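Subject: Structure handover

Hello,

Here is the structure I promised. Please load it, then read the notes below alongside it.

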Amino acid sequence: MAQWDRLRQLSDVYRQELHELYDRDALPMDVRHYLSVWIEKQEWLRAAQDPDKAMVLFQELLANLDIQHSRFVQEESFLLQHNIRRYKQNFQKYQDDPCTLARNILWFLEKEKEVLDRADLAEQVQFLNVAQEAMEISSQQDLERKMSGLRNDMQCMEHTMSCLEEQQDEFDFKFQTYKMEAVVDEAVKKEQMKFFQQLINRLDECRKSTLSDLHKLLDKTEELISLLVKKELVEWQRRQQKACIGAPDNVCLDQLETWFTCVAVCLFQVREFLSKLEELVGKVSYANDPVKAQKPALQRRADTLLKDLLKSSFVVEIQPSMPQGKGPLVLRTNVQFSVKTRLLVKFPELNHSMKVNVSMDREAPQIKGYRRFNVLGNNTKALNMAESQSGGMVADFRHLTLKEQKCGGGGKGASDISLSVTEELHIVYFNTVFEQKGLSVELQACSLPVVIISNSSQQQSAWASVLWFNMISQDTKDVLFFANTPSAAWPQFGEMLSWQFLSATKRGLNDAQLEMIAHRLFGKKQSYDNCQVAWSKFSKENPPDTFYVWFDGILVMVKSYLEDLWRDGHIMGFVSKGKEKSLLKKKQRGTFLLRFSESVIGGITFSWVETTITGEPDVKTVQPFTKTDLSQIPFVEIIRNFQILEAENIPENPLLYLYPNTPKDEAFGKYYSERTGDNSLYIKYIKTKLVFVSKENTLEARSPMSCDMAQGEGLEPMNGLYGEGAEQNDTPQPLNSPLEMYHPDPMLSGSPATQEEDLLTYLSNPNLFAECDILQNDVGLPELSLQGFNCLPPQSCGSIFQ
């Protein structure tokens with residue numbers, strides 16, 4: 001199903017996110033809707049980097065808008081005609097920079113995928129966390145019952161106040177009548193005074209009862225505020241922290257807003273009740289009046305509770321993020337970022353009346369070299385309900401930028417703590433004033449700590465800091481967290497790693513994959529539950545190839561080129577070479593598995609089991625493929641067409657069964673391109689089999705050194721097959737270049753050769769071959785960059801050609 005069609009079928013919560021996404025002007029929703037099929041078929045990633053391609057798509061976009069305009073003219077849709085014409089005029093500004101348009105459209109498509117991913121994850125969470133969800137629902141139901149009880153008590157209190165007023169009015173009317181009658185008979189006067197004393201006593205009891213009910217009402221309110229502020233809001237903030245680093249946690253604020261608003265409304269009613277009591281006392285009072293004695297304390301308590309609630313109700317709903325950043329909380333100077341605040345106490349009468357101001361680092365630490373920034377752009381907005389599909393009171397800042405102040409941070413007396421740029425944490429502050437019914441309260445919300453970079457090369461390291469902080473710290477104002485960075489427990493750390501894959505590909509890491517990573521970090525252990533991962537181990541050791549750089553390289557590769565294979569469970573991925581061999585040696589010939597390289601950043605390889613002449617299993621591995629390779633030929637096509645030419649020149653694909661025993665075509669068939677065999681895009685273009693020639697004995701002697709997962713792979717990956725024999729040799733051998741190892745087949749060229757020479761069909765690694773002349777002569781073939789290929793020239797013998 002097309003991406004746009006899937007988006008239109010989402011539930012209201014996620015369709016709301018879609019509406020908020022398309023509030024931006026860069027790509028109108030009308031254009032996205034009417035050109036959805038065309039938009040989703042275009043290569044926007046390529047266009048973002050290729051001005052010629054971008055210009056072609058820019059012109060096609062305008063042409064499609066013309067077609068839509070003509071259609072609306074025929075349908076006499078006046079408004080749509082006007083809109084389409086206006087959109088086309090707006091797009092004209094990209095005439096000189098079509099790559100920016102391509103980047104914008106690509107950004108929208110990626111954000112749409114994120115919405116779809118969150119919707120899919122929400123479905124998964126319903127099944128994965130049944131017990132936890134049941135507990136949360138039980139907690140929420142209990143809180144909802146208390147809210148319902150509070151509302152009922154308020155209604156009872158309204159009735160009590162009404163009765164009190166009627167009772168006082170009755171006394172006041174009778175007493176005023178008595179004074180007007182001017183009774184002279186002392187006996188009658190005495191009897192009447194006795195009667196009025198009884199009325200006063202009843203009124204006094206009623207006032208005392210009313211005050212007692214108000215105290216009880218404030219007790220319940222205080223309990224609810226404690227639950228909301230100290231439990232529900234804290235848990236939401238923790239969920240938001242985890243969601244920022246990929247956890248599938250629900251961070252919707254609608255329920256909290258309902259509860260906060262309910263309690264705030266009740267407290268304002270309590271203030272009205274107290275005002276009513278003061279009014280009644282002004283009309284009728286007496287000695288030892290309980291209202292005069294207790295009302296001031298009740299007033300102070302009600303105001304304090306209300307202020308506490310209001311100060312906690314102003315939050316950052318969507319944390320600061322750049323449109324094309326790696327994740328939230330990493331900001332770059334002079335690059336626009338967005339952030340959204342929300343007031344959980346929803347009073348429609350305050351719509352557009354509360355101004356929110358943005359500032360940076362109001363309580364910056366006195367650290368030598370600590371940078372300070374100014375917030376530029378439209379940094380003042382009004383809380384309003386128009387920018388939220390749910391009708392919440394939000395201020396959505398979309399075009400803020402940061403500029404570093406010229407004056408250096410720190411100075412005389414400043415701390416000697418030294419932090420790198422990507423360990424320096426900053427906080428964005430938001431301030432506003434709540435004014436309602438005589439109450440004025442200053443409110444402040446704070447973002448989670450952000451990392452501010454000045455160059456895109458720092459983004460990966462900055463994101464590592466964001467991951468570490470939000471995984472461990474619950475003190476969201478601890479900007480000196482990295483001055484003394486705590487370690488992470490392995491279960492916590494492993495869960496965070498799994499979230500990265502879960503959020504990027506909708507499939508997390510299983511126990512076996514996590515165990516391999518733990519083995520890489522700690523070596524072989526019976527249990528890793530008590531192991532601790534240090535910050536330096538995660539992001540500082542062995543620069544530039546730190547653990548996180550290795551892990552993130554794999555994640556980026558999977559997200560970019562292997563998402564479907566990973567999501568469907570075809571990639572074992574995180575498995576050591578030792579484990580790989582033990583698994584494959586037990587399987588039939590031709591069984592293979594896919595795993596990530598331990599030494600090549602962002603590399604994936606496959607290994608398969610052969611049978612030697614003596615009948616022993618022999619595991620072979622190819623050099624890891626990187627994004628350079630996968631960007632030219634899809635991995636499934638590499639697996640599909642990978643072949644070996646044996647000594648007798650009979651082509652054979654050694655990959656037969658995906659581990660444990662699934663036939664290759666059954667596992668990967670649905671990913672194949674429609675054209676097969678001689679019609680395959682990747683075979684027809686090249687015209688010949690891609691082969692790598694090496695002596696048979698080098699297949700075993702010249703592979704990277706054997707390693708367990710704690711050691712990693714050889715530092716010099718070989719251009720060809722890895723042999724099992726080399727696993728016994730820890731000394732890497734000198735490697736020849738592909739050209740040096742090339743020996744022409746005497747059957748093809750007439751040159752002498754020995755029986756040791758072997759032709760290996762090696763379609764899998766484009767780096768082994770240089771582009772041959774035949775590619776340049778075939779003008780009818782599609783454009784496909786395969787630079788670096790060495791191809792055997794076409795020969796009269798057809799046994800190695802398609």
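Phe493 has a relative accessibility of 0%, so Phe493 counts as buried. Keep in mind that this is a predicted model. Trp490 is buried too, at 7% relative accessibility. The cut-off for buried is under 20%.

These two residues belong together. Both Trp490 and Phe493 sit in helix 14 (residues 490–505). They are 3 residues apart, about one turn of the helix. In an α-helix there are 3.6 residues a turn, so residues three or four places apart point the same way.

Aromatic pairs

A pair of aromatic rings is described by the distance of the centres and the angle of the planes. The count of aromatic pairs comes to 40. One of them is Phe481 with Phe482: the centres are 4.9 Å apart and the planes stand at 90°, so this pair is edge-to-face. Phe481 and Phe482 are both buried. Trp490 and Phe493 also pair, with 5.9 Å centre to centre and 45° between the planes, and that pair is tilted.

Charges over rings

Two arginines are worth a look. Arg520 lies over the face of Trp550, 3.9 Å from the ring centre. Arg640 has its charged end over the ring of Tyr672, 4.3 Å from the centre of that ring.

His426

His426 belongs to strand 8 (residues 425–426). Its relative accessible area is 0%, so His426 is buried. Which side chains make polar contacts with His426? Tyr370 does, at 3.3 Å. Glu424 does as well, at 2.7 Å. Leaving out residues up to four places away in sequence, His426 touches Met360, Asp361, Tyr370, Arg371, Phe373, Leu448, Pro449, Val450 and Ile452.

Helix 7

Helix 7 covers residues 78–91, which is 14 residues. At 1.5 Å a residue the helix should span 20 Å, and its end C-alpha atoms are 20 Å apart, so the two agree. Where do the buried residues of helix 7 lie around its axis? The buried ones are Gln81, Asn83, Ile84, Tyr87 and Phe91. They cover an arc of only 170° around the axis, so they are on the same side of helix 7. The face turned away from that buried side carries the exposed residues Phe78, Leu79 and Gln89.

Best wishes

How values were computed: Residues numbered from 1 in each chain as written. Predicted model: local features only at pLDDT ≥ 70, side-chain atom pairs only at ≥ 80, totals over all residues. Heavy atoms only, no water. Phe/Tyr/Trp six-rings, centres within 6.5 Å; stacked < 30°, edge-to-face > 60°. Buried < 20%, exposed > 50% of the residue type's maximum accessible area, 1.4 Å probe, protein only. Helix = DSSP H or I, 4+ residues; strand = E, 2+ residues; numbered from the N terminus. Lys NZ or Arg CZ within 6 Å of the ring centre and 35° of its normal. Polar contact = N/O pair within 3.5 Å; in protein donor to acceptor, adjacent residues only side chain to side chain. Contact = heavy atoms within 4.5 Å. Expected span 1.5 Å × (residues − 1). Arc of directions from axis to C-beta.
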